[in-house]
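Hi,

Here is the structure I promised to pass on. Have a look at it first, then read my notes below.

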Amino acid sequence: MAQLIKLYDYISRYELDAYRYPSQFIRFKKKQWAKVYDAWKSNRFHTVMKVSEPEFTPFMDDGEKKSLLKKLKSKLSKEEPSIQTIKPLVQDAALDDDELQFQFTTVPKSENDLKLLFLDYIFRFQIRWASSTLREKSSVDKKVYRDRLLQYFMQRLPDHYLLLYKPVFLMKNAPVELDLIIIGTTEVYCLTVVEHLNETIYTGSKDKFWLARNGNDTKKILNPVISLNRTATVVQKVLSVGEADLPVKKIIVSRNGYIDYPFAPHDITLLDKRTYGQWFNRLRSSSAPLKHIQLKSAQVLLSHCLTNSFYRKEWNEQSSDEQHID
């Protein structure tokens with residue numbers, strides 16, 4: 001499952017340490033899968049499995065850690081019983097942000113059903129990681145949990161791919177909204193996705209607009225090359241300044257349509273219904289481990305992202321207490 005390291009302008013713990021969290025996530029996911037698989041095999045799905053989020057410790061001294069852990073443990077002991085009845089997965093968002101639980105609407109009948117439910121759980125869990133740290137969090141739009149394109153790339157790519165989903169970069173003190181960025185072990189892919197109705201034919205050109213034809217209906221859409229070039233230009237510039245030498249590939253994707261652009265720029269790859277599957281399967285079949293240059297590229301890119309967040313309630317309370325003591 002691809003790792004979501006940046007989502008829009010939400011805060012992400014990967015920003016604090018892009019070298020640590022990718023490998024930690026892989027270990028965490030394997031551990032939790034082992035737990036849930038064991039519970040399923042042992043027919044123990046009559047209770048909700050409690051799963052603690054990995055401890056977050058960077059940039060905190062021992063006094064801060066002890067104070068916060070004491071506060072959290074006190075809060076959890078009052079609010080979280082050890083065993084609860086099964087609740088719908090949609091209620092997961094109401095749980096405390098530092099205590100996660102598996103919540104399945106039904107007991108899976110097969111291992112494949114179990115995997116699908118587990119992937120949905122990890123999808124929601126990753127959105128939390130991509131919108132919070134121990135101290136801060138961002139307000140997540142509910143539509144993010146229903147974003148099929150985001151879910152598609154996250155759930156189908158292996159763990160060693162790092163995904164920035166429509167991130168906002170800060171360039172010369174101005175926010176710049178970009179498209180999808182996937183950091184692989186040997187390349188960085190900048191993707192612009194063009195999708196409307198199935199079997200739509202997109203006629204490309206150098207003009208500001210392309211034509212999208214479906215049956216007898218024809219309409220204009222903004223030239224996707226414009227957005228793609230903006231994304232690739234920012235990524236290439238940031239990586240160059242940060243001395244992260246991964247090649248950047250520019251790709252326009254239409255999974256359910258066809259792209260007709262005979263004189264497309266030579267540095268842009270067009271992937272439509274005829275060619276996309278082969279390319280994507282090649283990415284999925286990769287089993288390479290995380291590489292240092294990949295993590296360095298992630299850290300460099302994240303350091304230029306714009307972040308909007310606010311302090312968690314417990315940190316505001318702690319800050320207020322400290323001011324009162326002073």
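Here is what I found in it.

First, some housekeeping: this is a predicted model, where local features need pLDDT of at least 70, side-chain atom pairs count only at pLDDT 80 or more, and totals for chains, interfaces and linings use all residues. Residues are numbered from 1 along each chain as its sequence is written, and side-chain values use heavy atoms, with hydrogens and water left out.

β1 runs parallel to β5 (residues 162-165), with four bridges between them, and Q3 has L162 in β5 as its bridge partner.

The other open sheet has four strands, ordered β12-β11-β10-β14, again with mixed pairing. β12 (217-222) and β14 (258-260) each have a single partner strand, so one side of each has no neighbour in the sheet. β11 (residues 209-214) pairs with β12 in the antiparallel sense over six bridges, and L211 sits opposite K220 of β12.

Now zoom in on K250, which is in β13 (residues 248-253). Is K250 buried or exposed? K250 counts as buried because its relative accessibility is 12% (buried is under 20%, exposed over 50%, partly exposed in between, with a 1.4 Å probe and protein chains only). Its side chain makes a polar contact of 2.7 Å with that of D267 (a pair of N or O atoms within 3.5 Å; within protein, one must be able to donate a hydrogen and the other to accept it, and residues adjacent in sequence count only if both atoms are side-chain atoms).

On to the helices. α3 (residues 111-129) has 19 residues and spans 26 Å from first C-alpha to last, close to the expected 27 Å (1.5 Å times one less than the number of residues). Its buried residues include L114, F118 and W129.

Finally, α4 (residues 148-156) packs against α6 (residues 276-284) at about 50°, with axes 10 Å apart (axes are lines fitted to C-alpha atoms, for helices over the stretch in contact, and angles run from 0 to 180 degrees between N-to-C directions).

Cheers

Notes
Helices (H or I, at least four residues) and strands (E, at least two) are DSSP runs, numbered from the N terminus. Two strands pair if DSSP finds at least two bridges between them.
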